[in-house]
Amino acid sequence: MGNPIKEHKEATRRLARSLKKADVYHWLCERGYFPESYVLPPCFAVEKRPNKPKVYYKVKGKGKKYYVPRTECLNVHFPKTEYTDRNFGLIHPEIHNDIAYHISTNWLTVVEKMVPSNSQVTSYTFPIPIDSRNPGRLGYLRSGRLIYEFIGMIDEDIASEAYKYRYIVKADIKNFYPSIYTHSIAWALHGKKNIRKSTNIRNYKLLGNKLDRLFQNANDGCTNGVPIGPVVSDVIAEIIASAVDVSFTKLVQSSDIECEAVRFKDDYRILTKSEEDSKRVIKFLQTSLKQFNLELSDEKTTISPLPDGLFRDWVSKYHAIHPEKKQSYTWKEFRELYLAAIRIDKECAGTGVIERFLADIVNKEGKLKVQVAAFNLQKVISMLVMLGSLRIKAFPKIIAILEGILRSDFGVVHQSAILEYLEDYLKTLSEEEERNKYLISWVSYFLVSNGLDKLLSSKPKYKDPITRSILNNRGNVFKECKEHKIFVGCKKVAQRVTMFEHLDVFNPPKIT
C-alpha cells in the first residue's frame with residue numbers, strides 16, 4: 001500500500017509543471033488579484049487588465065538599475081478579536097502585474113522551489129488551482145472551498161500513516177505573512193550565501209531581487225511583511241516556507257530521526273516515534289525558521305500522544321448533536337442547533353463550526369430549511385447577525401442567507417421589515433466606520449445590489465475608499481491605473497451571481 005502523503009506531493013509537482021506560463025500569468029492577474037471571496041463583496045473583481053503579458057517596470061543598466069515607484073497597499077481589515085484585526089492588502093495593479101509576470105515567466109523554477117524534491121515535508125498548500133482531472137489546465141475560480149478540502153485531505157492522509165508513530169507535533173509559524181522579510185525571497189530562491197555575493201546582492205536580473213523590490217515598493221518601501229490576500233503573496237510565502245522545509249529536512253536526516261511531516265501554509269503536523277523526537281523536531285523547526293527571520297508560535301505548538309490531536313475536536317462535538325443533515329427544521333430544532341453551535345464555538349474558538357451550521361440550515365438553492373414567518377422574522381435576522389459577531393469571517397454568508405430570505409415570496413412582502421432592521425444595524429456600525437469597515441461593506445453591498453439603497457431614510461457618508469465605492473456604486477480605488485478596472489458595480493454583478501453562489505455557502509468545511 002502506497003504512502004498517500006508522498007503520492008500527493010508527486011502529483012502536485014507533476015500537475016503544476018504541466019501548466020502554461022501564459023495561463024498562470026492571466027489567472028494571477030485576474031482571479032488571483034483579490035483575496036478570497038469572503039473578504040470583499042463580488043463588486044470588486046478584475047474587469048479590465050492587459051490582454052497580453054507585459055512589464056511596466058524594466059531592469060536597466062546591465063541589471064543594476066530597477067526603478068519601481070513606491071506605492072501603498074489598500075488595506076482591508078476585519079476584527080479578529082476584540083483587540084486585534086486581520087489585515088488584507090490590495091497591491092497597486094501595475095506592480096501586481098509585474099509580480100505575476102515574473103512568477104509566470106519563471107514558472108518551472110518557481111514550482112521546483114514550492115515543491116522541492118529534497119524536502120521531507122509535504123506541503124498541502126498550492127496557491128494555483130490545479131486539477132488532476134484536467135492536467136495542464138487551471139481552475140476557473142479561486143474558492144475558499146479549496147482550503148477546506150486540503151485540510152480534510154491532510155486529516156485523512158495523516159491518519160492513514162499515523163499507525164507507524166506514537167506522537168503528533170502541531171506547530172505554527174508566528175504571524176507568517178506580516179513577518180516575511182522581503183530580502184528572504186531572494187535567499188529562498190537563490191541561497192543566502194549566493195545572493196550575498198557582491199556580484200549578486202544588487203543584481204536585478206535575478207528573480208529573487210526583482211520580487212524583493214516589487215514587494216517592498218508595493219508596501220511603501222517596507223522590508224517586513226507581504227500583503228495577505230493576493231495569490232502572488234501566497235506563492236512567495238510558499239517558496240519561503242518550502243525553503244524552511246528543506247533546511248528542516250537536513251537537520252532531521254542528519255539526526256536519523258524518523259518522522260512524517262506535512263504543512264498547510266504556516267501550519268505543521270509532524271508524526272514522530274517518541275516524545276524526545278517530538279521535542280527535537282520542534283527545535284529543528286525553530287532553527288530552520290530563524291534562518292529566514294521567522295519563528296514558531298509558542299501558544300500553537302503542542303505535542304500529543306496519538307490518537308489525541310489526530311482529528312479536530314469541534315468535528316466530533318458537532319457530529320454528536322447533529323449526526324445527519326435534515327431536509328427541514330422546526331423552529332425549536334433550529335433554535336437548539338443554533339445554541340449548540342454557539343457552545344461548540346466557545347469551546348473550540350476559531351474553528352469552522354459556525355460555517356458548518358450555516359451550510360446545514362440552507363438547501364442547495366440558498367433557502368433556509370426553517371420556515372420564516374411574521375412571528376420569527378426579526379428573531380431569525382437577529383440570531384444570524386449575532387452569529388456574525390462571534391465569527392466575523394462568516395458574516396458575508398449570513399448576509400447571503402438574508403438575501404435568500406429577501407428574494408423569497410415571503411421576503412418580497414416583508415421587504416420593509418428587513419430593510420428597517422438592516423438600516424438600523426448599518427447606522428450603528430457607521431458610528432465607528434474605521435472599526436466596522438468590513439461589516440459595513442457587506443451590508444452596503446446587500447442594500448445596493450438589491451436596490452434597497454434608494455429606500456434608505458438617510459445615506460451614510462464614508463471616508464474609506466472601499467466602503468464609499470460600494471455604497472455609492474462607483475469605484476474609488478486605483479483610478480490612476482488606466483489599463484486596469486477592478487470595480488464592476490453592485491447591481492451589474494448581482495445580475496451575474498447571487499451572494500450565495502459567490503460565497504459557496506452550501507459547501508462547508510469538510511468533516512473527516
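**Cavities, a sheet and some local backbone features**

In this predicted model, the count comes to 4 cavities of 30 Å³ or more, where a cavity is a set of points on a 1 Å grid over the protein atoms alone at which a 1.4 Å probe fits but cannot get out. Grid points are joined across faces, edges and corners, and a volume is the space filled by probe spheres set on the points. The largest cavity has a volume of about 80 Å³, and its lining, meaning residues with an atom within 4 Å of a point, includes K9, T12, V121, S123, D245 and R263. Two or more residues of this lining come from each of α1, β5 and α10 (231-254), these elements being DSSP runs numbered from the N terminus (helices H or I, at least four residues; strands E, at least two).

Residues are numbered from 1 along each chain as its sequence is written, and side-chain values use heavy atoms, with hydrogens and water left out. Because the model is predicted, local features need pLDDT of at least 70 and side-chain atom pairs count only at pLDDT 80 or more, whereas totals for chains, interfaces and linings use all residues.

Strand β5 also belongs to an open sheet of 5 strands, ordered β5-β7-β8-β6-β9 with mixed pairing, where two strands pair if DSSP finds at least two bridges between them. β5 (121-123) and β9 (302-305) each have a single partner strand and stand at the edges, so one side of each is left without a neighbour in the sheet. The partner of β5 is β7 (residues 259-264), to which 3 bridges join it in a parallel run, and within this pair S123 stands opposite R263; both S123 and R263 also line the largest cavity. Helix α1 (residues 4-17) lies across β5 and β7, running at about 60° to β5, an angle taken on the 0 to 180 degrees scale between N-to-C directions of axes fitted to C-alpha atoms, for helices over the stretch in contact (heavy atoms within 4.5 Å).

Most residues other than glycine have a negative phi, and most peptide bonds are trans. D220, in the loop between α9 (207-218) and α10, has a positive phi of about 60°, and N293, in the loop between α11 (275-290) and β9, likewise has a positive phi of about 60°. D220 is partly exposed at 36% relative accessible area, a class that lies between buried (under 20%) and exposed (over 50%), with a 1.4 Å probe and protein chains only.

Terms used: 1 Å grid on protein atoms, 1.4 Å probe; cavity = no way out; pocket = protein on both sides within 12 Å on 5 of 7 lines; lining within 4 Å.
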